[in-house]
Amino acid sequence: ELGDRTVPDAGLGAEGSFELTFGSRAFFVSVNQALEPVVREKTKAGLGAVMKSLPRPAKTDDAALAKKAREQFDAFKKDLGAIAQRQVRRLERAMTTGRTWSVADFEERIVRHPLLRHLAQGLVWEVVEGSRTRTFRVDEVNASAKTGSYADERDKALALPRKGLVRIAHPARTPELGKTWALVFGDYQIVQPFDQLARAVTLPTAAEKKAKALDRAAKIRAPARKMLGTMESRGWSRDDNGHVGAWLKRSGDLEARWPISPGISMEDLRSAPDVTTETLEVIGADGKVMPIGALDDVFFSEIGRDIDAVRSLSS
C-alpha cells in the first residue's frame with residue numbers, strides 16, 4: 001500500500017501526458033503500456049504519427065525553445081527509465097503473489113495514476129466478488145471524472161462492483177486467459193509490460209504433489225554470480241547475509257527452500273565457484289516439511305519458471 005502511494009509521476013500531468021514546444025511546433029509527450037516515451041506532433045488535423053523521441057529542430061523552429069524542450073525530454077526519459085523498471089517488477093510481483101486491491105484503491109492508485117494507468121491498460125485484470133470472478137481490461141481513463149471505463153473479453157463495457165476485489169490475472173489461476181484475451185490484445189495492438197497472456201505455466205505431476213521434495217529442481221549447475229542476480233530479481237531471498245546456502249521464497253504461510261552447494265560467499269563473490277542446486281522443499285508455518293501439493297498452482301508455476309531460468313544459466 002505504501003508503494004502504491006509513493007509512485008512518482010515523472011512530471012506527467014493528471015491526463016498522463018505533457019506538452020513541449022519548439023515555438024513553431026508543439027509535441028504531445030506520453031508513455032505506452034511498457035512505460036516507454038511516446039511523442040506525437042500536434043497539428044491542425046490532430047496528432048501525428050508515434051515517435052520514440054523528439055525530432056531534430058528545423059530552421060523554422062525557435063532554437064532556444066527547441067533546446068529547452070530537448071533538455072526537458074531527456075530528463076523525463078531518464079526519470080522514466082528509473083521508475084519504469086521498478087514499477088513493472090512491482091506489478092509482476094503483485095500478479096504472482098495474488099495481491100488484491102479494493103475497487104476504490106484500484107481506481108485511485110492504479111487507474112488514475114499518470115504512469116501506472118499505462119501499465120494497467122497493458123494487462124488483464126480480475127474482479128472477485130464472492131465466488132464470482134470476471135476478467136477485464138482498462139479501456140479508457142477519464143481523469144476529470146476520476147474513474148476508468150472497463151471492458152470484458154467480448155469488448156463489452158463492464159461495471160466493477162463497489163465491494164469487489166481486483167487483482168492481476170494469472171494464467172495458472174485462469175487457464176483460458178491467453179486463449180480468451182490474446183485476440184483482443186492483438187486487435188488493439190496492446191503491448192504488455194511483462195509476460196502475462198503468453199506466460200509459461202508449469203503444474204506439478206500427481207507424483208510431485210505427494211512428494212516432500214521437488215526433484216526437478218536438483219542437480220542444476222550454474223555460475224554463482226549469475227545465479228545471485230537471477231534469483232534476487234525473481235523475488236528469492238538469501239538464507240544468510242554472509243553466506244548463501246539456500247534460496248527462500250514465501251507465499252502466505254508457506255516457504256519454498258531451495259538449497260545450493262557449496263553455497264555462495266558474499267565476501268568473495270568474484271572468485272566464487274559454480275554452485276549446484278539441490279531438491280526444493282516446502283516449509284509450513286510450523287516449520288515442518290510439507291508435500292509439494294501444498295503449493296497453489298500460481299506459486300508452483302512461478303517456481304517452475306525460476307527453475308527454467310536457473311537452468312538456462314548453465315547453457
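Arg 167 is buried, with a relative accessible area of 18%. That value falls under the 20% cut-off for calling a residue buried, so Arg 167 counts as such in this predicted model. Arg 167 sits in strand β10. Leaving out residues up to four places away in sequence, Arg 167 touches Arg 99, Thr 100, Trp 101, Trp 125, Glu 126, Val 128, Thr 133 and Arg 173.

The side chain of His 170 gets to the backbone nitrogen of Ala 172 at 2.9 Å. Beyond its neighbours within four places in sequence, His 170 is in contact with Met 95, Thr 96, Leu 177, Arg 199, Val 298, Ser 301 and Glu 302.

Stepping back to the whole chain, there are eight helices and 17 strands. The C-alpha trace spans about 70 × 50 × 35 Å along its principal axes. Of the 315 residues, 44% are buried. As for contacts between residues at least 6 apart in sequence, 62% of them join residues at least 24 apart.

Helix α3 (residues 103–111) has a clear inside face. Its buried residues are Val 103, Phe 106, Glu 107, Ile 110 and Val 111. Looking down the axis of α3, these buried residues fall within an arc of 110°, so they line one face of the helix. The spacing makes sense, because an α-helix has 3.6 residues a turn and residues three or four places apart point the same way.

Helix α7 (224–233) also has its share of buried positions, namely Ala 224, Met 227, Leu 228, Thr 230 and Met 231. What covers them includes the strands β11 (221–222), β12, β13 (243–251), β14 (254–265) and β15 (275–277), along with helix α8. After α7 comes Gly 235, with a positive phi near 90°.

Trp 236 belongs to this part of the chain as well, in the loop between α7 and β12 (237–238). With 3% relative accessibility, Trp 236 counts as buried. Setting aside neighbours within four places in sequence, its contacts are Met 231, Trp 247, Leu 248, Lys 249, Ala 256, Trp 258, Leu 280, Ile 303 and Asp 306. One of these partners, Asp 306, is joined to Trp 236 by a polar contact of 2.8 Å between the side chains. Another, Lys 249, is 13 residues from Trp 236 along the chain, yet their C-alpha atoms are separated by 5.0 Å.

Strand β7 gives the most, with five residues. By class, the lining of the largest pocket divides into 13 nonpolar, eight polar and eight charged residues.

The second largest pocket has a volume of about 290 Å³. Among its 13 lining residues, those closest to the centre are Arg 89, Glu 92, Arg 199, Ser 233 and Arg 234. Helices α2 (63–97) and α8 (297–313) each supply at least two residues of this lining, with α2 giving the most, at six. The lining of the second largest pocket has nine charged residues, three polar ones and one nonpolar. Arg 199 turns up here and also among the contacts of His 170.

A few backbone spots deserve a look on screen. Ser 261 and Pro 262 are joined by a cis peptide bond, with omega about 10°, and Pro 262 lies in strand β14. Ala 10 is not a glycine, but its phi is positive, at about 55°. Ala 10 is in the loop between α1 (2–5) and β1 (18–21), and its relative accessible area of 15% makes it buried. Asp 155, also a residue other than glycine, has a positive phi near 70°. It lies in the loop between β8 (147–151) and β9 (157–158) and is partly exposed, with a relative accessible area of 36%.

Methods
Residues numbered from 1 in each chain as written. Predicted model: local features only at pLDDT ≥ 70, side-chain atom pairs only at ≥ 80, totals over all residues. Heavy atoms only, no water. Buried < 20%, exposed > 50% of the residue type's maximum accessible area, 1.4 Å probe, protein only. Helix = DSSP H or I, 4+ residues; strand = E, 2+ residues; numbered from the N terminus. Arc of directions from axis to C-beta. Contact = heavy atoms within 4.5 Å. Polar contact = N/O pair within 3.5 Å; in protein donor to acceptor, adjacent residues only side chain to side chain. Nonpolar A, V, L, I, M, F, W, Y, C, P; charged D, E, K, R; others polar. 1 Å grid on protein atoms, 1.4 Å probe; cavity = no way out; pocket = protein on both sides within 12 Å on 5 of 7 lines; lining within 4 Å. Points joined across faces, edges and corners; volume = space filled by probe spheres on them.
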